[in-house]
Amino acid sequence: MLVEVKVPVLSESVAEATLLSWHKKQGEHVERNESLIDIETDKVVLELPSPVTGVLTTIIKGDGTTVVSSEIIATIDTEATATTTMTAITAQSVTESAAATAVPSAMMPAARKMAAEENLRVEEIRGTGRGGRITKEDVVTQAGIQPPPLATAALVAAVAMPSGNRPEQRVAMSRLRVRIAERLVQSQSTAAILTTFNEVNMQAIIDLRTRHRERFEKEHGVKLGFTSFFVKAVVAALKKFPIVNASVDGNDIVYHGYYDIGIAVGSPRGLVVPIIRDADCLSLVEIEKQIAGFSKRAQDGKLTIEELTGGTFSITNGGVFGSMLSTPIINPPQSAILGIHATKDRPVAENGQVVIRPINYLALSYDHRIIDGREAVLSLVAIKEALENEMGSLLEA
């Protein structure tokens, strides 16, 4: 029986996707739930498993093809065997797109291109990707290519520059990078973005974390970071100033009676913002576990579309890369975003004396169409006060 392999149903916010690379060749045997191909949307990379056990008789859509929800991309014969099918396949059964883009299943397209440029043999490269697949990073390692000096957290992709006095290389943007570019331009062209700044003394949070870090990790199996405190402080401020948690829809202001906080996370494909749903109802433990899960799934390419959709407010932490100050861009349709930066010891005045304290500069970018300066400034002050004075009860109780 012939079974059609279709693109999974994408969410309403995702119009189309790109087929990255087939892991099976036409005519090969596949097991049910075995990964057939990676499909890239503007939010995530999805693994499409085989719906049945059989032989991949026809690849209708090849690598690099743009597809939509439920589109047929291949067929599997549940009654055939790999041996008989391989001999029965003719050139006419392979579409031009599939034939033109067919590549060995163990190697990602970007990796294959880089390997060719470096004159590397596939057999010489050890694959560290899922199922032993060879990634671009594996090729970089084998070739001994040095990444850019500031490359961090897999946010900067290594590019093998050609030789010559003034080399250039043109690389197509990934679907995610194209989407990021579109949304950033959309944000700056449709919102009246302003940024207000303040500083927060992190001593209370640092002391609290130091006292409870070991017990916290031992009891809950997750590290106690700083982001969960910022999430709690943000929720406290949003409750006091609901307009900062609102969004614009045409000529309407939509007030949200819930607190879905986006946390910017680095991934090999770029920056993604998974959502902590109902953050006001979660404990520090639950928040830390969600953040740890997001980070792991982002690195593994396992974040789902649902995890990346929605959100009423976002937090981005450039401090992990050493940023001292920035003006973050709002993530539409949200109306505000908090930027966190590196905490550094600085001289400050307390009770007429100069003392050294760990200071973090906070930046709140907001849409001035609906948020006035007063609400923006006061909400940032509320975040500051919550961090300096109100977090103890979350762990001391």
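The largest nonpolar core here takes in 78 residues. A nonpolar core is a set of buried Ala, Val, Leu, Ile, Met, Phe, Trp, Tyr and Cys residues joined through side-chain atoms within 4.5 Å, and buried means under 20% relative accessible area, exposed over 50%, partly exposed in between (1.4 Å probe, protein chains only). Ile 73, Ile 261, Phe 313, Ile 315 and Leu 338 have the most contacts inside this core. Its largest share, 8 residues, comes from helix 7 (residues 227–240).

Keep in mind that this is a predicted model, where local features need pLDDT of at least 70 and side-chain atom pairs count only at pLDDT 80 or more, while totals for chains, interfaces and linings use all residues. Residues are numbered from 1 along each chain as its sequence is written, and side-chain values use heavy atoms, with hydrogens and water left out.

Now zoom out for a moment. The protein has 10 helices and 19 strands; helices (H or I, at least four residues) and strands (E, at least two) are DSSP runs, numbered from the N terminus. Of its 397 residues, 42% are buried.

Back to Phe 313. Leaving aside neighbours within four places in sequence, Phe 313 is in contact (heavy atoms within 4.5 Å) with a list of residues including Val 234, Leu 238, Ile 261, Leu 338 and Leu 364. Strand 16 covers residues 313–317 and pairs in the parallel sense with strand 12 (residues 261–263) over 3 bridges; two strands pair if DSSP finds at least two bridges between them. Here Ile 263 stands opposite Ile 315. Strand 16 also runs parallel to strand 17 (residues 336–340), joined by 4 bridges, with Ser 314 opposite Ile 337.

Elsewhere, 4 strands make an open sheet with antiparallel pairing, in the order 5-4-2-7. Strand 5 (45–49) and strand 7 (66–67) are at the edges with a single partner strand each, so one side of each has no neighbour in the sheet. Strand 4 (residues 35–40) and strand 5 run antiparallel, joined by 5 bridges, and Asp 38 stands opposite Glu 47 in strand 5.

One more stop is Thr 196, in strand 9 (residues 193–201). Thr 196 counts as buried because its relative accessibility is 14%. Not counting residues up to four places away in sequence, Thr 196 touches Leu 362, Ala 363, Leu 364, Tyr 366, Ala 376, Val 377 and Leu 380.
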